[in-house]
Amino acid sequence: MAGVGIVCTILFVAGAIYLSNRHIQQAKLQWAEAASRLGFYFTQGKGFKVGAIEGVVDGFNTKIDTHTVSHGKSSTTYTRYVVRGGGIPRAIGAKGEHVFSGLRRIFGGQDIELGDAAFDDAVILTGEERIALAALDAQTRRHLASAITNSRPSLSRPQVRWEVKDGTIEVLRTGIEKDPSRMVSTFRQILTIAKGLSITPGQIPERLAENAMSDMSPAVRTRNLKMLLSSYPKSSEARKSCKEILERFAYGKRAAEARAEGERLLLAATHTEGRSG
């Protein structure tokens, strides 16, 4: 009987190895197809490792590989998407809200609020407020909030974690992805957000002014206007943009309040510049 048990164990282990190897080989074929669609390079991994897809597009260094996290006696393998460089600001971070977010605020944890309720409720935003306001225009906020909100796990959808940190966007999806179309779609979604976030120091006043003029949210417009005037009070370009902004506030109570606040700030900035000259 002991011999039968040993044989069964060997067959079970051999079967598990065969199925695992078959799974990896199928994944390698699908990853090679995804790389081809993206115009990137796929390097096959050795043994039971899938490998990595790498490429450079529009100044962004990109990589898709696997990442395994240990949990004591068990572990979880993720498909990892990484996009870095290209102007993604290192001074801000973003990730999804979670059950402990409320406690984070109570105990003084940083969470920048831009004035867009839907975005502020979905995303924990940290770092330099000036850059966050400038980089996150309405379209980029919508894309990032949608990506984070739709990444929450459900019965039909595995867990996906989005994080912006140190000039990098990282997305972790539970399991080894084997759908080339979904890999391409996920990468393009990340690239869209990366392009939206990208900003240089010289673009900050311009982007603040543009957000203050064109954002759909009066609260976001006001926040950008305040930041523009407090950070760049001597900028002739900023002051010219502010005058345009004030002329565009025309409808509704909140817009009127924003206009009054903008006029007060513009007057204060002008007075400050006059005294410093």
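Predicted model: local features only at pLDDT ≥ 70, side-chain atom pairs only at ≥ 80, totals over all residues.
Let's start with a pair of charged side chains: Asp215 and Arg141 form a salt bridge, with N and O 2.9 Å apart.

Of the 277 residues in the protein, 40% are buried. Among contacts with a separation of 6 or more, 57% are between residues 24 or more positions apart.

Two packed helices are described by the angle between their axes and the distance between the axes. Here H5 spans residues 138-149 and H6 spans residues 180-197; their axes come within 9 Å and cross at roughly 140 degrees. Because of that angle, H5 counts as oblique to H6; an angle over 145 degrees would have counted as roughly antiparallel. The crossing of H5 past H6 is left-handed.

Which residues make the contact between these helices? On the H5 side they are Thr140, His143, Leu144 and Ala147, and they meet Gln189, Thr192, Ile193, Gly196 and Leu197 of H6. Sorted by class, this contact holds four nonpolar and five polar residues, and no charged ones.

Charged residues do find partners elsewhere, so to speak: how many salt bridges does a search of the whole structure find? The count is eleven. You can compare the opening pair with a few others. Arg173 pairs with Glu177, their closest N and O atoms lying 3.0 Å apart, and here too both residues, Arg173 and Glu177, are buried.

The salt bridge between Glu128 and Arg130 has an N to O distance of 2.4 Å. Its setting is described by relative accessibility: Glu128, at 31%, counts as partly exposed, and Arg130, with a relative accessible area of 23%, is also partly exposed.

Finally, have a look at Lys63, Asp65 and Arg80, which salt bridges link into a network.

Key:
Residues numbered from 1 in each chain as written. Heavy atoms only, no water. Axes fitted to C-alpha atoms, helices over the stretch in contact; angles between N-to-C directions. Helix = DSSP H or I, 4+ residues; strand = E, 2+ residues; numbered from the N terminus. Parallel < 35°, antiparallel > 145°, perpendicular 65-115°, else oblique. Left-handed = near helix turned anticlockwise from the far one by under 90°. Contact = heavy atoms within 4.5 Å. Nonpolar A, V, L, I, M, F, W, Y, C, P; charged D, E, K, R; others polar. Salt bridge = Lys/Arg side-chain N within 4 Å of Asp/Glu carboxyl O. Buried < 20%, exposed > 50% of the residue type's maximum accessible area, 1.4 Å probe, protein only.
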